[in-house]
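Please open the structure in your viewer and keep the sequence panel beside it. The tour below moves from one selection to the next and says what is found at each stop.

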Amino acid sequence: MAKRQYGVSTHLFHNQRLSRDHLLEIAAHGFELVEVFATRTHFDYHNPAVVADLQQWLAEAGLQLQSVHAPIAERFSGGRWSGTLSIASVDPDARARAVGEAERALHIARRIAVPVLVAHLGAPRSQPRDPEIGVQDTRAAARRSVEQLMRAAQPLGVRIALEVLPNELSRAGSLAHFVEEDLKPAEDLAGAAVGICLDFGHAHLDGDVVDAIETVSEHLIATHLHDNGGRVDHLLPFEGTIDWPAALTAVQKVGYDGPFILEINAQGSMKDTLARARQTRQRMETLLAT
C-alpha cells in the first residue's frame, strides 16, 4: 500500500499574499502536498502571471498542488471575511457571481494539474453574511451551481469535493443525500466526478466525527484536518477535543487512503506552527501504524 501523503492548506497564511517562501517552508517541514485557498487578497487567481508564479514555486519546493479551495468571499483581511460568495444563494445574481469566481479558480487547472476543487454549499454559521445578500441558501440553487461547476471541471480532470460545514445544507448526512439524490447527472455529465471533503473540525462542531466519517465514507475524496474546543477553531489536531485515535481508526475502517490536508491557523511564527504540524503528522502516522 502506498504511503499516505500529507499536505498543508495555505489557509495558514490567509492574512498574507501567498509567496514562494510559504511553499518552501511547507516543503522544508516534510510535507508533500499543498491546498491553495483561492481568495484574491491571498492568491489572485484572476491573474495569469500569479498562477504562473505558483507553478514555478511548486516546482522549486517539490510540492504537488492537491487541491484548490473555491472562493467563499471576495476578501479576507485582518481576520475578517467580506464580500460573501455563496454558490447556494437563492439570489440569482449572487449565485452567478459565486459560481463565476469558482470557475475562475478552476482555470488554475489549465496550467497546473490539480485533482480536486473544494467547494462550500452556503457559508458556515460563523461566517458573517452581507446584508444585501441575506442568508437564504437552498438545495435547488446549490444543485444548479454544482452541475455548472461539474461541466467546467470535467474537461480539466478535476473532481468537485463538497465540504462538510456546520450549516443545514452541508452536514455530513445532508451532503451524502445531496450527492446521492440531488445530483443525477444529465447525459453530458456522466463522467463528471463529485464527492465530499470531510472537514474534521466542522464535523466535530456539528456532532460526532466518527459518525460523520461513516456517513460520508462512500463519497469521501478529500479531507481538512484541524481541531477545536469551545470557541477556538482550526487548531492543530490533538490540541482540541476531537478523539483522534477513534477518528483515525474510523478513517482506516472505511478504507480512505487519500491525502490528509491540515487546515490550521498560525499559532506563533510560521516556522513554529509548521514544526508542530510536522510533529502532529508523526503522531498520526504512529496511530495509523498501530
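How many aromatic pairs does the count come to? The count comes to six, where rings of Phe, Tyr and Trp (its six-membered ring) pair if their centres lie within 6.5 Å, and planes under 30 degrees apart count as stacked, over 60 as edge-to-face and the rest as tilted. Select phenylalanine 37 and tryptophan 81: their ring centres are 6.0 Å apart and their planes stand at 40 degrees, so the pair is tilted. This pair links distant parts of the chain, since phenylalanine 37 lies in strand β2 (residues 33-37) and tryptophan 81 in strand β5, 44 residues apart.

Before going further, note that this is a predicted model, in which local features need pLDDT of at least 70 and side-chain atom pairs count only at pLDDT 80 or more, while totals for chains, interfaces and linings use all residues. Residues are numbered from 1 along each chain as its sequence is written, and side-chain values use heavy atoms, with hydrogens and water left out. Helices (H or I, at least four residues) and strands (E, at least two) are DSSP runs, numbered from the N terminus.

**The hairpin**

Next select β4 (residues 73-77) and β5 (residues 80-84), which run antiparallel and are joined by four bridges; two strands pair if DSSP finds at least two bridges between them. Arginine 75 has serine 82 of β5 as its bridge partner. Two residues lie between the strands of this hairpin, and glycine 78 takes a positive phi near 60 degrees there.

**The open sheet**

Now colour the eight strands that form an open sheet with parallel pairing, in the order β9-β8-β7-β6-β3-β2-β1-β12. At the edges stand β9 (220-224) and β12 (260-262), each with a single partner strand, so one side of each is left without a neighbour in the sheet. On average, neighbouring strands of this sheet are turned by 30 degrees against each other, direction ignored. Helix α9 (residues 270-289) packs on the sheet and touches β1 (6-9) and β12, its direction making about 145 degrees with that of β1. Such angles run from 0 to 180 degrees between N-to-C directions, with axes fitted to C-alpha atoms, for helices over the stretch in contact, and contact means heavy atoms within 4.5 Å.

**Helix pairs**

Select α1 (residues 20-28) with α2 (residues 48-61), which pack at about 30 degrees with their axes 9 Å apart. The two are therefore roughly parallel to each other, because angles under 35 degrees count as roughly parallel, over 145 as roughly antiparallel, 65 to 115 as roughly perpendicular and the rest as oblique. The contact is made by Arg20, Leu23, Leu24 and Ala27 of α1 with Leu54, Trp57, Leu58, Glu60 and Ala61 of α2.

Move on to α3 (residues 92-106) and α4 (residues 139-153), whose axes come within 10 Å and cross at roughly 25 degrees. Here Arg95, Val99, Ala102, Glu103 and Leu106 of α3 meet residues of α4 including Arg144, Gln148 and Leu149.

Finish with α5 (residues 172-182) and α7 (residues 209-216), which pack at an angle of about 5 degrees with their axes 9 Å apart. Their contact is made by Ala172, Gly173 and Ala176 of α5 and Ala212, Thr215 and Val216 of α7.
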